[in-house]
Structure formats: C-alpha cells, structure tokens
Amino acid sequence: MPRRVYIFDTTLRDGAQSPGVCLNVQEKLEIARQLARLNVDVIEAGFPASSPGEFEAVRTVAEKISGPTIAGLARVALSDIDTCWRAVKAARRPRIHTFIATSDVHLKYKLRMTREQVLEAVDRAVRHAKNYCEDVEFSPEDASRSDLAFLIQVLTVAVEAGATVLNIPDTVGYATPEEFAAFIREIRRGVPHLDRVILSVHCHNDLGLAVANSLAAVQEGVQQVECTVNGIGERAGNTALEEVVMALYTRRDIYGAETAIRTEEIYRTSRLVASLSGMPVQYNKAVVGRNAFQHASGIHQDGVLKERTTYEIMNAATIGLVTEHIVLGKYSGRHAFRHRLEQLGFHLDDEELEQAFFRFKNLADRKSEITDRDLEAIVRHELKTIPEKFQLESMHISSGTNVVPTATVGLKVNGTLLQEAACGEGPVDATFKAIDKITGLPVALRNYTLNAVSGGKDAMGEVTVHVEYEGRGFLGRGLSTDIIEASAKAYINALNKLAFEYGDAVLAGKCTREIQQGGSD
Ligand code: KIV
Ligand code: ZN
C-alpha cells in the first residue's frame, strides 16, 4: 500500500510574493476554486496581517472554498495570530501557520533576539494559536541553515505546545538533496513524539533543487510537501507542484507514495495561474511547458508514432492535455464550441457562453483556425472579475517612419464618452498617454509584455501590463489581433482594477467632471 503524501499549496501566499505578481481577491478566489478541483490537501490563502486586502482575500477563500484545509500565515506575534484566526475561522477546516526564523544569521541581524527568546516566542505563539484552532502548523524559517541542536529544541517546544504540523523550510534554497535528506533524518531522530505531528518540507529553488530536495525528504518519511503551481514564489520560486506530483506518480516504484491530486486538472491549473499571475511558463518547463510533450527530431517523432512510450514517460492526457479532434473555425456552431470548452474545463453559464461565442465568431472572421490557446484566451477575457468603470469605445492611431506617433482614444466612463489625443514615443506610449489624460490617474508603468497566443501571422496578441499606484501593483491583460488595441485593453483592465480598489476618489483628469455630474454606470 503506498503511503499518502499531503500536498500543501502555497501559490496564493508564497507564490503571490513573486516579484510583479499582484492577485486581487477575485483572482485569488478563482485560483482557489481550481486548487480545490485539483484536490490539494491544503490551500495557504495568504498572510492576513500583511494588509487589509490580503486579510480580505484569505477570509473570502476560507468562506467560499470547501474541500481543502484553508491555512493563513502568521508571524509569532500574538496580534498576527489573532488576525490570522479572524481570516480563516470561517473555513470548514482552518489552519493557523505560524513561523519564526531560527538560524543565527536571522536571529542576530533580522530579529535581534536570543535563542532563549525565540524558544519562548514559539511556545507562546503555538499555545495562543491552539486556543483558537486545533490545526496549528509551525515553521522554523531558514531551518536548513540553523544549528541542528537548537532547531531540535525549537521543534520540541512546538510539539509540546500542541503543533500538529512541523514544517522544515529551506528558505534560501541552499540545501542539496543528500544533505537535506540527512537533515530530515536527524530531525526525526532528535525530536520526541514526532508520531503526533505531520512532518512537512518547504523548499525554495535558488539552486534549482527545490523539487529534488522535496523528493529526498519524502524518501525520509516526510508526509507533507509545500509547493506552488508552476513553481512561482519568492526569488527563483518554490517546489513546483506539478513536478513533485508527477514525479511521485511516475516513479511510484521508487517513492512508494501517492497524493490525492486529480492529475487531469494539472494543465488547466497551470494555465490559470500563468494567466492570472502574469508569469508565463517557460517553454521547456517540466510537465506543463509548451514543449513538454512535443517531439521535434525525426527519430523521436518516428518512435512516438510507433509506440508513445519510446520517448514519453508520462501521458499528456494524465495531466489533462487534451488533443484537438475537431478544428474550430468560422463555420463551427455553438454546439461544437461549447463541447470544446467543456473538454478544456470551462463551464460557462448561458450568458457567458453567448458572449464568448460572439468573440469567437469575430476572431474566426480574421483567423482561419482557432486553437485551444485562442479559446482559453477568449474565455478568460470574457470572465469579468471586476466592474468596468472604463470601457474602450474607439481608438485611432497614426504611426510610421519619420512621423510623431499620435493616438486618439475614446473611453466610456460612467456611460459617457470621453475622448483625448496624445503624442508619444511610439503608438503604445501615445495610447497610454491619451488614456492617462482621461482618467487622470498618476500610475507608473512597471512592466509590459506581449505574447502571441498561438502561432501564425494571424495570431492574437496577448498583452500584460503591470502598473503601480502608491506602491501597489495592478496587473492588466488585453487580447486582440491588433496589438495596439490589446495594449489599450490591458492598460484599461489594470486601471479598472485600481478604480475598483480605490473608488472614484482617486480619479482626476477629464473624468472628474463626469463623476461630479454623477453619470450612471
Ligand atoms: O520560505 C520560508 O521559510 C517560508 C516560511 C514562512 C514557511 O515561506
Ligand atoms: Zn517560502
């Protein structure tokens, strides 16, 4: 009988800490729903004490998502634990995850605490969390660079105080697999009553060893692995969920362990996280990369056609990568369209389906073959997660060699059409400046990326922009076969998210007059 390994997903907490990622409450909820479908054991929904928005996101996930345990992160400060509990308590299975660093370098320079003070803080924090919640996880941050004897003392205190999960982080991705395995062995040998708790690991990928280290720990008997979808996370990221799960699945002969993950949901989850986080998956990424199941050389193609297993150790269908049997185009009807979307895992209500079908037909007029990636993009852009204060109504661009690029943009704000024109360094810059004149929002553009959704000269362009306002980031996405239009839509999408969070008070420029006149949405 294979033993069970629990999958603790921290995409919404450690993953959301990736530079440039800014998920709002609705986006976190959408990812959490998909994580529940994927059947992870635990969703770490965020760090509630870090900001009111983060608190709200964790609270919403705890209230709305059933199935997995919902965890919130908290420092050992008692006020953090109180806030965390308020955020997770609505969950059917809540967990408080509290942490403090234990390495000498963190104690000396970051915490300015003695070892005795850390021991006391751990005891106090775990007991305090236990007053609220049966399920309490404790993590000694930077465990892999901590003095082993001290670490064992800390973990012993946490178990005695009632921790139900002990998590061993390789916070800075410094460990190597053999070393980490030996480290786990020593912990298992040194900490009394480990049979009362679940032992867990949390590895970072600074040396590209996060998955290898997690698997080495599983071989030492660890029961929980912390990971993120696509391996996103602080710096070089965390253990990639899809890699660790598929390694355990494909090499059951070695690990003798299984997870409860519905592997057919892996690909869909990866695409969703890539799209909402704005962090694209590298083409050659294991399991979910675009090339992961493609064979370019003639010898390989010949082998796979004769017998798939000559060059494939996993079946693409196992991760939910479904191949297209019908090619959709301008003559396809609603039935085929709905059928394909359902195969891709999208379940739209009638109105959403109608709107997506309308966009599909528009695209099919301009593009001969509609791929799954096109469909996915159409649907994602159809699912509106926030109200659209600004709607793109019209745009006229003039650009070329030896001319000053100019843009005239018309936006509907509160139902009224407002127009502005601007010059810029290029057509995209001119478009953004015209939009800025209308909204009057002093945002800084931090990042801009443009990708072709699928191949071919008629491919749709997907633009992602990252804008910053008062130190907060907002991500916007736009889609069109015209890349300037896609850019405008992405920029407006980011501004709509900003306006949704801050309200009308931040608006200036041309639209203030409109708002004062109290136009209706
Ligand atoms: O990397 C780390 O140490 C963490 C802890 C908070 C678990 O993310
Ligand atoms: Zn981490």
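**Questions about a predicted chain**

Modeller: Strand β2 (residues 6-9) pairs with β9 in the parallel sense over four bridges. This is a predicted model, in which local features need pLDDT of at least 70, side-chain atom pairs count only at pLDDT 80 or more, and totals for chains, interfaces and linings use all residues. Residues are numbered from 1 along each chain as its sequence is written, and side-chain values use heavy atoms, with hydrogens and water left out.

Colleague: What makes β2 and β9 a pair?

Modeller: Two strands pair if DSSP finds at least two bridges between them, and β2 and β9 share four bridges, so they count as paired. Within this pairing, F8 has E226 of β9 as its bridge partner.

Colleague: How do you know that strand β8 (residues 198-203) pairs with β9?

Modeller: The pairing of β8 with β9 is parallel and runs over three bridges, and the definition asks for at least two, so this pair qualifies as well. Here V201 stands opposite V225 in β9.

Colleague: Why are both faces of β9 (residues 224-227) called covered?

Modeller: On one side lie Q224 and E226, on the other V225 and C227, and all of these are buried. Buried means under 20% relative accessible area, whereas exposed means over 50% and partly exposed lies in between (1.4 Å probe, protein chains only).

Colleague: Why is G410 called buried?

Modeller: G410, which is found in strand β12 (residues 406-413), has a relative accessible area of 0%, and this is under the 20% limit, so G410 is buried. Leaving aside residues up to four places away in sequence, G410 touches Q391, L392, E393, S394, L417, L418 and Q419, where contact means heavy atoms within 4.5 Å.

Colleague: What share of the protein chain is buried?

Modeller: Buried residues make up 54% of the 521 residues. Of the contacts with a separation of 6 or more, 66% are between residues 24 or more positions apart.

Colleague: How many helices and strands does the protein chain have, and what makes it as compact as a globular protein of its length?

Modeller: There are 18 helices and 16 strands, where helices (H or I, at least four residues) and strands (E, at least two) are DSSP runs numbered from the N terminus. The radius of gyration, taken over C-alpha atoms, is set against the globule rule, 2.2 Å times the number of residues to the power 0.38. The value is 25 Å, close to the 24 Å that the rule gives for 521 residues, so the chain is as compact as a globular protein of that length.

Key:
Chains lettered and ligands numbered in written order.
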